[in-house]
Amino acid sequence: MEEVVLRLKELLFLSIAVAVLSVDVNTAIVRVDARCTATGAVCPECGTWSSLVHGSYLRFPADVSSAGQSVVLRLRVRRFTCRNAACGRRTFVEQIPGLTRRHSQRTERLRSTLAAVGLALAGRAGARLARAFGVSVSRSTVLRLVDALPEPELPAPRVVGVDEYATRKGRHYGTVLVDIETRRPVDLLPDREASTLAAWLAQQPGVEVVCRDRAPFFADGAAAGAPQAVQVADRWHLWHNLSEAAERTVTQHRHCLRVLVPEAPEPVPAPSEATSGSPWPTGHRFADHTRTTHATVHALLKAGHSRRAIQRQLRMTSRTVKKYADAAKPEDLFTGQWQNRPSVLDAYKTYLDDRWNEGCTNAWKLWKEIVPLGYQGSYQRVRAYLHQKRTSPRPVTARPPSPRAVAGWILRHPDTLTEAEQLQLKTVRTHCPELDALTGHVRSFATMLTNRQGERLPNWLDAVRQDDLSSLHTLAAGIDRDRDAVTAGLTLPWNSGAVEGHVNRIKMLKRQMFGRASFSLLRKRVLLS
């Protein structure tokens with residue numbers, strides 16, 4: 001038994017001044033009686049050493065389970081009398097370093113374990129995992145243990161990355177700061193105001209480089225809080241801005257992409273009404289009814305029925321029966337005002353056809369366009385005409401590539417394009433000088449970005465302004481306002497990649513806490529986990 005007690009002491013209380021008195025093991029619970037072996041303790045208020053025992057009592061701190069069994073620790077602690085007469089505390093209870101603390105219901109080992117679980121999984125999931133290894137605890141307790149952890153002591157950063165994160169997307173944002181050299185977060189700020197960032201940077205005199213995106217509030221905050229630091233615009237954001245400008249430019253010149261579509265074959269003309277021998281097409285409601293009635297009347301006449309009998313049987317007037325009986329064939333009845341009737345829309349069909357071919361298929365919009373031109377008909381007539389065009393069979397023709405696809409060809413490295421894509425891009429560049437100039441500017445910027453040739457930026461901006469590319473002009477104006485940071489981003493090796501990774505991690509941590517993500521708790525999890 002003594003060997004079992006010694007072995008248990010080595011397992012549970014290694015390097016702790018505790019003596020195991022007895023052990024009671026059953027199928028579900030391990031009960032351990034223990035006491036402290038120190039000769040005395042230090043008064044927590046005045047620091048005076050005392051070995052004068054005033055009394056003792058039992059504490060039952062919860063501990064981590066052992067081999068799937070709950071451990072019940074029955075610990076006898078002593079109360080000492082303070083020898084310092086001037087001390088306001090007459091007596092005090094000994095605390096065992098590494099095992100207990102004042103007013104704690106858990107051992108330090110269990111406390112640190114639950115705090116680590118809370119850092120990794122937050123409240124609800126952490127409480128479920130704690131129950132899996134034999135500790136019953138609420139989600140609020142797990143979060144309180146996380147919130148009680150001390151602030152981490154991080155070295156003063158030299159290169160800082162700054163970016164925003166959303167606590168409520170579209171409404172409320174905060175700021176995350178990351179040490180780019182160690183790739184660890186150093187602080188979270190409750191908003192993204194320039195004044196808040198400037199105040200934080202003012203407390204960090206050792207900051208030499210600030211990596212950021214091109215947001216104006218970060219630029220102003222870095223300039224005010226750390227004027228000695230070099231601001232570096234992130235290269236990914238620069239390339240992303242150029243990609244958006246390139247796609248807008250291709251969209252503005254999408255009509256030039258039709259050169260990639262082969263010409264459609266000439267449509268085979270439909271057989272005319274004259275060749276069919278009938279002005280009314282098959283399937284027309286009036287024509288089909290007329291043919292059916294004509295056949296019925298002539299069948300009854302051939303069977304020997306009189307016209308008066310046919311009138312009674314078909315419930316027709318005598319004039320109607322006479323009209324059908326006198327007609328040799330049903331096409332003789334297709335005469336009068338219903339054939340080739342002019343429409344008030346005829347004068348505007350050419351305009352509607354042209355707008356249809358341009359890609360405008362909205363009936364309401366086209367009706368609004370032809371009303372100022374003199375059209376006095378109804379919207380339903382225009383809608384019916386476009387419905388007929390929409391449902392009529394048309395030859396299947398290839399569609400030109402989308403502006404996004406062509407922008408992708410321009411933005412990708414030429415070696416990664418297939419032969420077909422290279423040929424199509426060459427055709428587009430040949431027929432559209434603007435897209436040819438765009439391709440040259442994009443590839444020049446890509447070379448400048450990958451080879452860190454920031455000194456070429458002024459020449460690139462001058463070349464962009466010489467071409468009629470409005471989207472690139474907007475981009476160039478924005479870069480010109482932030483030229484120093486962009487030049488540093490295209491020259492120095494620093495970037496904000498580590499910051500973007502932590503922004504994604506903040507999204508995960510925020511969703512884990514199911515609405516319990518207060519700023520202080522979220523900050524603690526980001527900095528410690």
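Residues count as buried under 20% relative accessible area, as exposed over 50%, and as partly exposed in between (1.4 Å probe, protein chains only). By this rule Trp367 is buried because its relative accessible area is 18%, whereas Trp364, at 45%, is partly exposed. The model is predicted, so local features need pLDDT of at least 70 and side-chain atom pairs pLDDT 80 or more, while totals for chains, interfaces and linings use all residues. Numbering starts from 1 along each chain as its sequence is written, and side-chain values use heavy atoms, without hydrogens and water.

Both tryptophans belong to helix H12 (residues 363–370), 3 residues apart, or about one turn of the helix; helices here are DSSP runs of H or I with at least four residues, numbered from the N terminus. Rings of Phe, Tyr and Trp (its six-membered ring) pair if their centres lie within 6.5 Å, and planes under 30 degrees apart are stacked, over 60 edge-to-face and the rest tilted. Ring pairs also bring Tyr379 into a cluster with Trp364 and Trp367.

Across the whole structure, 7 aromatic pairs are found. Phe217 is partly exposed at 22% relative accessibility, but Phe218 is buried at 1%.

Turning to helix H3 (residues 139–147), its buried residues are Thr141, Val142, Leu143, Leu145 and Val146. These pack against helix H2 (108–132) and helix H21 (519–528), where contact means heavy atoms within 4.5 Å.

Key: Helices (H or I, at least four residues) and strands (E, at least two) are DSSP runs, numbered from the N terminus.
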